[in-house]
Amino acid sequence: MKGLEDQLLGLTILKEKAELEGERVKMLEDIQANNKRMKELEDNLLMRLSNSKGSLVDDDDLIRTLKTTKITSTDVKQKLQIAT
């Protein structure tokens with residue numbers, strides 16, 4: 001049902017304001033890209049955690065990945081909150 005609502009909203013907006021439709025499409029694309037990025041970060045982190053040998057605290061590469069994931073995740077979450 002949500003897909004049909006989006007299509008009808010798109011048609012209504014297209015008739016009313018073509019510019020708004022472009023913004024809506026861009027926002028939906030950004031949301032999809034951000035969700036995909038979050039999934040990639042989660043998968044990468046889980047892979048590194050499962051393949052880590054020895055102490056997690058001593059794995060510098062894992063620590064860097066955790067920091068990057070945290071920063072990127074925070075950024076993506078902020079963008080998703082703005083978009084919705």
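Q: Where is the place of Ser52?
A: Ser52 sits in the loop between H2 and helix H3 (60-83). Helices (H or I, at least four residues) and strands (E, at least two) are DSSP runs, numbered from the N terminus. This is a predicted model, in which local features need pLDDT of at least 70 and side-chain atom pairs count only at pLDDT 80 or more, while totals for chains, interfaces and linings use all residues. Residues are numbered from 1 along each chain as its sequence is written, and side-chain values use heavy atoms, with hydrogens and water left out.

Q: Is Ser52 buried or exposed?
A: The classes rest on relative accessible area: buried means under 20%, exposed over 50%, and partly exposed in between (1.4 Å probe, protein chains only). Ser52 has a relative accessible area of 15%, so Ser52 is buried.

Q: With which residues is Ser52 in contact, leaving aside its neighbours within four places in sequence?
A: A contact means heavy atoms within 4.5 Å. With neighbours within four places in sequence left aside, Ser52 is in contact with Asp59 and Leu62.

Q: What is the mean pLDDT of the chain?
A: The pLDDT is the predictor's confidence in each residue, from 0 to 100. For this chain the mean is 83, and 96% of the residues reach 70 or more. Confidence is lowest in helix H1 (residues 2-16), with a mean of 82, and highest in helix H2 (residues 18-51), at 85.

Q: Which residues does the UniProt annotation cover?
A: UniProt positions are given in the numbering used here, feature names are shortened, and annotations may be inferred rather than shown by experiment. The UniProt record, an unreviewed entry, carries the annotation "domain: Dynein heavy chain ATP-binding dynein motor region" over residues 2-76. In the model, that span of residues 2-76 is 88% helix and 0% strand, and its end C-alpha atoms lie 24 Å apart.

Q: How many salt bridges does the count come to?
A: Side chains of opposite charge can pair when their charged atoms come close. A salt bridge here is a side-chain nitrogen of Lys or Arg within 4 Å of a carboxyl oxygen of Asp or Glu. By this rule there are 5 salt bridges. One of them joins the side chains of Lys39 and Asp43, at 2.9 Å from N to O. Another joins Glu40 and Arg37, at 3.8 Å from N to O.

Q: Why are Lys39 and Asp43 separated by about one helical turn?
A: Lys39 and Asp43 are 4 residues apart in helix H2, and therefore about one helical turn separates them. Glu40 and Arg37 are 3 residues apart in helix H2, so about one helical turn separates this pair. Lys39 is partly exposed at 47% relative accessible area, and Asp43 is partly exposed at 36%. Glu40, at 37%, is partly exposed, as is Arg37, at 34%.

Q: Which residues are linked in a network of salt bridges?
A: The network links Arg48, Asp61 and Arg64. Within it, Asp61 forms a salt bridge with Arg64, the closest N and O atoms being 3.8 Å apart. Asp61 and Arg64 both lie in helix H3, 3 residues apart, which is about one turn of the helix. Asp61 is partly exposed at 33% relative accessibility, whereas Arg64 is exposed, with a relative accessible area of 52%.

Q: With which residues is Met38 in contact, leaving aside its neighbours within four places in sequence?
A: Met38 is in contact with Ser73, Val76 and Lys77, its neighbours within four places in sequence left aside. Met38 lies in helix H2 and counts as buried because its relative accessibility is 14%. Met38 and Asp75 are 37 residues apart in sequence and 10 Å apart in space, C-alpha to C-alpha.

Q: How many residues apart in sequence are Thr68 and Ala33?
A: Thr68 and Ala33 are 35 residues apart in sequence, with 18 Å between their C-alpha atoms. Thr68 is in helix H3 and is partly exposed, at 44% relative accessibility. Gln78 is also found in helix H3. The C-alpha atoms of Gln78 and Leu66, 12 residues apart along the chain, are separated by 18 Å.
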